[in-house]
Amino acid sequence: ANGTTLLEALDAILPPARPTDKPLRLPLQDVYKIGGIGTVPVGRVETGVLKPGMVVTFAPPSLTTEVKSVEMHHESLPEAVPGDNVGFNIKNVSVKEIRRGYVAGDSKNDPPKGAGSFNAQVIILNHPGTINAGYAPVLDCHTAHIACKFSELIEKIDRRSGKKLEDSPKSVKSGDAAIVKLIPQKPMVVEAFSSYPPLGRFAVRDMRQTVAVGVIKSVET
């Protein structure tokens, strides 16, 4: 029998391209205060590279500070790349000023900003009633967990082809897909899926379950 062995096939699998060439996005999972060191935010690099000496901006509050060191498993790193879970020590920012759900980025290269509103394609998975404009469930996007208002149902679409079925529907229900405009009820960082995929997907949580999932098309600051 010709063909490849399993090992040859596995060897031929290319490692996934890690998005190091994009600007930095690092959603914070936690922030620690460590005696003698100071404030240490912790999170996973989603895109770009984090290095000591970089000047980072934390959004939404737009705080800017220098990174003193980057650590993983108690070892200093010369740089952290996508997929790395790291802690990094920063200057002159107190542990009270930043929190989980904030996003760190490079102050000089497309720094993250809070979103005023965003348009997303959502699929309603299981919601007992109908969803109308004004609905304000909690969105889980990267590490943020924030209520967002469905301010406008822009169009109902076919969930497979994406073709428009109806403009400005009155409501949507389980099984429907729609383009909607969402307004965060507190400052929140999200990105278009096309630019930063890990910050452009979300789950809609209500009644202790996931009622919808979505992909962000565009963001207005």
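Trainee: At which residues does UniProt place the feature "domain: GTP-eEF1A C-terminal"?
Mentor: This is a predicted model, in which local features need pLDDT of at least 70 and side-chain atom pairs count only at pLDDT 80 or more, while totals for chains, interfaces and linings use all residues. Residues are numbered from 1 along each chain as its sequence is written, and side-chain values rest on heavy atoms, with hydrogens and water left out. UniProt positions follow the numbering used here, feature names are shortened, and annotations may be inferred rather than shown by experiment. With that caution, the unreviewed entry places this feature at residues 117-217.

Trainee: How far apart are the end C-alpha atoms of residues 117-217?
Mentor: The span is 0% helix and 56% strand, where helices (H or I, at least four residues) and strands (E, at least two) are DSSP runs numbered from the N terminus. The distance between the end C-alpha atoms of this span is 11 Å.

Trainee: Why does alanine 192 count as buried?
Mentor: Alanine 192 sits in the loop between strand E14 (177-184) and strand E15 (201-206). Buried means under 20% relative accessible area, exposed over 50%, and partly exposed in between, with a 1.4 Å probe and protein chains only. Alanine 192 counts as buried because its relative accessible area is 11%.

Trainee: What volume does the largest pocket have?
Mentor: The search uses a 1 Å grid over the protein atoms alone: a cavity is a set of points where a 1.4 Å probe fits but cannot get out, a pocket is an open set with protein on both sides within 12 Å along at least five of seven lines, and lining residues have an atom within 4 Å of a point. Points are joined across faces, edges and corners, and the volume is the space filled by probe spheres set on them. For the largest pocket this gives about 250 Å³.

Trainee: Which strand gives the largest share of the lining of the largest pocket?
Mentor: The lining comprises 15 residues, and Ile34, Val40, Glu71, His74 and Gly87 lie nearest the centre. Strand E1 (26-34), strand E2 (38-44), strand E4 (63-72) and strand E6 (85-90) each supply at least two of the lining residues. By class there are eight nonpolar, six polar and one charged residues, with Ala, Val, Leu, Ile, Met, Phe, Trp, Tyr, Cys and Pro taken as nonpolar, Asp, Glu, Lys and Arg as charged, and the others, Gly among them, as polar. The largest share, five residues, comes from E6.

Trainee: From which domains does the lining of the second largest pocket draw at least three residues each?
Mentor: The second largest pocket has a volume of about 200 Å³. Of its 13 lining residues, Arg99, Tyr102, Ile146, Lys186 and Pro187 are the closest to its centre, and the lining divides into seven nonpolar, three polar and three charged residues. Domain bounds come from an automatic or database domain assignment, and at least three lining residues come from each of domain 1 (25-106) and domain 2 (117-220).

Trainee: What distance separates the centres of domain 1 and domain 2?
Mentor: The two domains do meet, with eleven residues of domain 1 in contact with ten residues of domain 2. Taken over C-alpha atoms, the separation of their centres is 29 Å.

Trainee: What is the omega of the cis peptide bond that joins alanine 59 and proline 60?
Mentor: Proline 60 lies in the loop between strand E3 (55-59) and E4. For the cis bond joining alanine 59 to this proline, omega is about 5 degrees.

Trainee: Is histidine 73 buried or exposed?
Mentor: Histidine 73, in the loop between E4 and strand E5 (75-76), has a positive phi of about 50 degrees although it is not a glycine. Because its relative accessibility is 69%, histidine 73 counts as exposed.

Trainee: What relative accessibility does histidine 142 have?
Mentor: Histidine 142, in the loop between strand E10 (138-141) and strand E11 (144-157), also has a positive phi, near 45 degrees. Histidine 142 counts as partly exposed, with a relative accessibility of 21%.

Definitions and conventions. Contact = heavy atoms within 4.5 Å.
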